[in-house]
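Colleague: I am new to this structure. Can we go through the terms one by one, and you tell me what backs each of them?

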Amino acid sequence: MYFISIELTEASGIELVRRLRSQHIDREVIFYSESEAEMRRAFFVKPRAFIRKQHLESDLQETFAVLRNVFQNYSDQISLKDNQRSIIVNPKEVVYLRSEGHYVEIFFKSGEKMLVRNTMSALLKQLQPIGFIRIHLRYLVNREYIYRYEKRKAVLNNSTSLPVSKPYQNQMLLYMKQV
């Protein structure tokens with residue numbers, strides 16, 4: 001998160017945020033300024049909030065209320081790397097992931113899909129501690145969505161059937177015994 005003055009000495013805070021965004025650095029930005037006109041120009045870089053120096057106390061209270069909500073929502077989310085950028089997702093909404101060469105396709109509960117450039121092993125390190133298991137060289141599954149296991153297939157709550165390869169069968173059987 002960045003607190004940035006719109007009136008910087010060498011360049012404007014707005015230009016600084018434009019450069020950060022062009023480099024795929026997508027963080028929360030809060031501008032503060034004395035100039036109402038400059039604050040209107042800042043809308044184009046989509047800051048989370050504005051703090052006007054002449055309304056400092058009330059704007060700070062409002063900004064902290066907004067940030068409290070933002071961070072409560074972020075606590076249920078994780079950041080997945082996609083080459084140069086980060087993508088924020090709620091892992092509870094992810095049903096499974098399937099690798100496709102240098103890409104991983106993410107399948108969401110809503111039926112939406114997202115393709116990210118990453119490796120399955122890197123995503124496994126991030127997702128395994130929060131309830132995902134590897135069932136195949138190409139598949140990671142959110143354990144919350146596994147309905148049953150039958151003949152080397154994991155059947156999910158949405159009736160999707162995914163292969164379970166031999167090296168991952170014991171892990172799958174162990175999980176099913178725990179359920």
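Modeller: Start with contact: it means heavy atoms within 4.5 Å. By that rule, Leu 123 touches Leu 80, Leu 97, Val 104, Asn 118 and Leu 140, with residues up to four places away in sequence not counted. Keep in mind that this is a predicted model.

Colleague: Which residues of helix H4 are called buried?

Modeller: Buried means under 20% relative accessible area. In H4, residues 120-127, Met 120, Leu 123, Leu 124 and Leu 127 are buried.

Colleague: How do you know that they are on the same side of H4?

Modeller: Look at the arc. They cover only 105° around the axis, so they sit on the same side of H4. There is a general rule behind this. An α-helix has 3.6 residues a turn, so residues three or four places apart point the same way.

Colleague: What covers the buried residues of H4?

Modeller: The cover includes strands S4 (78-82), S6 (94-100), S7 (103-108), S9 (132-136) and S10 (139-142).

Colleague: What makes a nonpolar core, and which residues of the largest one touch the most other members?

Modeller: The members must be buried nonpolar residues, joined through side-chain atoms within 4.5 Å. The largest core has 16 residues. Val 89, Val 94, Leu 97, Ile 106, Leu 123, Leu 127 and Leu 140 touch the most other members. S4, strand S5 (85-89), S6, S7 and H4 each supply at least two residues. The largest share, 4 residues, comes from H4. A second, separate core has 15 residues, including Val 95, Tyr 96, Tyr 139 and Val 141.

Colleague: Why are S8 and S9 said to stand at the edges?

Modeller: Take the order of the open sheet. Its 5 strands run S8-S7-S6-S10-S9, with antiparallel pairing. Strand S8 (113-117) and S9 each have a single partner strand, so one side of each is left without a neighbour in the sheet. Neighbouring strands are turned by 20° against each other on average, direction ignored.

Colleague: How many bridges join S6 to S7?

Modeller: Two strands pair if there are at least two bridges between them. S6 and S7 have 6, and they run antiparallel. Ser 99 stands opposite Val 104 in S7.

Colleague: Now the other sheet. In what order do its strands lie?

Modeller: The order is S1-S2-S3 in an open sheet of 3 strands, with parallel pairing. S1 and strand S3 (49-52) are the edge strands, each pairing on one side only. The twist averages 25° from one strand to the next. Between S2 and S3 there are 4 bridges.

Colleague: What makes the link between Ser 33 and Glu 7 a polar contact?

Modeller: The limit for such a pair of N or O atoms is 3.5 Å. The side chains of Ser 33 and Glu 7 are joined at 2.5 Å.

Colleague: Last, why are the buried residues of H1 said to line one face?

Modeller: In H1, residues 13-22, the buried residues are Gly 13, Ile 14, Val 17 and Leu 20. Seen down the axis, they fall within an arc of 120°, so they line one face of the helix. Their cover includes strand S1 (2-5), strand S2 (29-33) and helix H2 (36-41).

Technical notes. Residues numbered from 1 in each chain as written. Predicted model: local features only at pLDDT ≥ 70, side-chain atom pairs only at ≥ 80, totals over all residues. Heavy atoms only, no water. Buried < 20%, exposed > 50% of the residue type's maximum accessible area, 1.4 Å probe, protein only. Arc of directions from axis to C-beta. Axes fitted to C-alpha atoms, helices over the stretch in contact; angles between N-to-C directions. Polar contact = N/O pair within 3.5 Å; in protein donor to acceptor, adjacent residues only side chain to side chain.
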